[in-house]
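I opened this notebook to record what I looked up, entry by entry. The sequence and structure come first.

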Amino acid sequence: MTDLLRKPSATSGKVHDITPASAGWGYVGFGLYSLKAGESAAEPTGETEVILVLVEGKADISGGGKDFGELGDRMSVFEKTPPHCVYVPAGSDWSAKATTDCVLAVCTAPALPGREAQQIGPEGISLVDRGKGANTRHIYPIAMEDRDVADSLLVTEVFTPSGNWSSYPPHRHDEDNYPEMTYLEETYYHRLNPAQGFGFQRVFTEDGSLDETMAVSDGDLVLVPKGHHPCGVPHGYEMYYLNVMAGPLRKWRFQNHPDHDWIYQRDSK
């Protein structure tokens, strides 16, 4: 697997367009629209379910035969208010018309038709803290397994404070071996505050067959096909990322890197 770091393809319109085919895997898709007020986006869902996340700004959203009206309230993701989100089932379509400048994430994974389109945020999404010390981060679990809002998708937002680390200690979820581990592909959509900042993400396997460390800028996307995938941000900058995960089973079971699990064990006491 190569080319794990994906830069935005443009400054407006559909700036990310990751499909399973373009990623070289089987489940996760991720699109991102950067729209000016008055601009629109629309797509059929086909054989995938979709979770739309209004990362920033406001838009009129419809999907699955329902009109959800104007959604969104945070104009900067770093306001840290819970996101407005909509689930749209397979075999339907969705559309969005920006009422302010907005950033709209399109999270996809294979699914069968049958679920109802519904708004799944901000109601039902509460901030959760994870980690200790410089591993502390703050999480909005948009659609994790405790919420029965999707067939395949697992979606979450993470805010990493200045100078801190996330997805740490390093962990992996690349084997279909439930209940010990689940196979989940994953994307990280990164934002930095201030925007000229940078962070780092390492994606590596224990046998060394994959080991890439990337400097990530505001708006970059990182693919995690397998292995451990910690990320960190220098002092003076905050990091946000939107995670999308999917695999054969909608459960998140991972194992920490054996060399670094002692940190988790220590901090869990």
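**Entry 1: a charge and a ring.** Over which ring does the charged end of Arg202 sit? I found it over the ring of Phe204, 3.8 Å from the ring centre. I note here that the model is a predicted one.

**Entry 2: aromatic pairs.** I looked up ring pairs next. The structure holds 9 of them. I picked out Trp252 and Phe254, whose ring centres are 4.7 Å apart. Their planes stand at 40°, so I logged the pair as tilted. Trp252 is partly exposed, with a relative accessible area of 21%. Phe254 is also partly exposed, at 31%. I then found a cluster: ring pairs link Tyr140, Phe159 and Tyr240.

**Entry 3: Arg172.** I followed Phe254 to one of the residues it touches, Arg172. Arg172 lies in strand S16, residues 171-172. Is Arg172 buried or exposed? Its relative accessible area is 14%, and the cut-off for buried is under 20%, so Arg172 counts as buried. Which side chains make polar contacts with the side chain of Arg172? I found Glu175 at 2.8 Å and Glu206 at 3.1 Å. Leaving out residues up to four places away in sequence, I listed what Arg172 touches: Met181, Glu206, Gly227, His228, His229, Phe254 and Gln255.

**Entry 4: the open sheet.** I traced an open sheet of 7 strands. The order is S1-S20-S17-S22-S14-S13-S12, and the pairing is antiparallel. Which strands stand at the edges? They are S1 (5-6) and S12 (128-130). Each has a single partner strand, so one side of each is left without a neighbour in the sheet. I checked the S12 end. S12 pairs with S13, residues 137-143, in the antiparallel sense over 3 bridges.

**Entry 5: a hairpin.** I moved on to S6 (residues 59-63) and S7 (residues 66-71). They pair in the antiparallel sense over 5 bridges. Ala59 stands opposite Leu71 in S7. How many residues lie between S6 and S7 in this hairpin? There are 2. Gly64 is in the turn and has a positive phi of about 60°.

**Entry 6: the cores.** In soluble globular proteins, nonpolar side chains tend to be buried together. I looked up the largest nonpolar core here and found 50 residues. Phe30, Val53 and Leu242 touch the most other members. Which strand gives the most to this core? It is S22, residues 238-246, with 6 residues. A second, separate core has 19 residues, among them Leu52, Ala59, Ile61 and Val106.

**Entry 7: Val50.** My last stop was Val50, in strand S5, residues 48-56. Val50 is buried, with a relative accessible area of 2%. How far apart in space are Val50 and Trp94? They are 8.9 Å apart, C-alpha to C-alpha, and 44 residues apart in sequence. Trp94 is one of the residues that Val50 touches. Others on that list include Thr45, Val86, Tyr87, Val88, Val106 and Leu153.

Terms used. Residues numbered from 1 in each chain as written. Predicted model: local features only at pLDDT ≥ 70, side-chain atom pairs only at ≥ 80, totals over all residues. Heavy atoms only, no water. Pairing = 2+ DSSP bridges. Helix = DSSP H or I, 4+ residues; strand = E, 2+ residues; numbered from the N terminus. Buried < 20%, exposed > 50% of the residue type's maximum accessible area, 1.4 Å probe, protein only. Polar contact = N/O pair within 3.5 Å; in protein donor to acceptor, adjacent residues only side chain to side chain. Contact = heavy atoms within 4.5 Å. Phe/Tyr/Trp six-rings, centres within 6.5 Å; stacked < 30°, edge-to-face > 60°. Lys NZ or Arg CZ within 6 Å of the ring centre and 35° of its normal. Core = buried A, V, L, I, M, F, W, Y, C linked by side-chain atoms within 4.5 Å.
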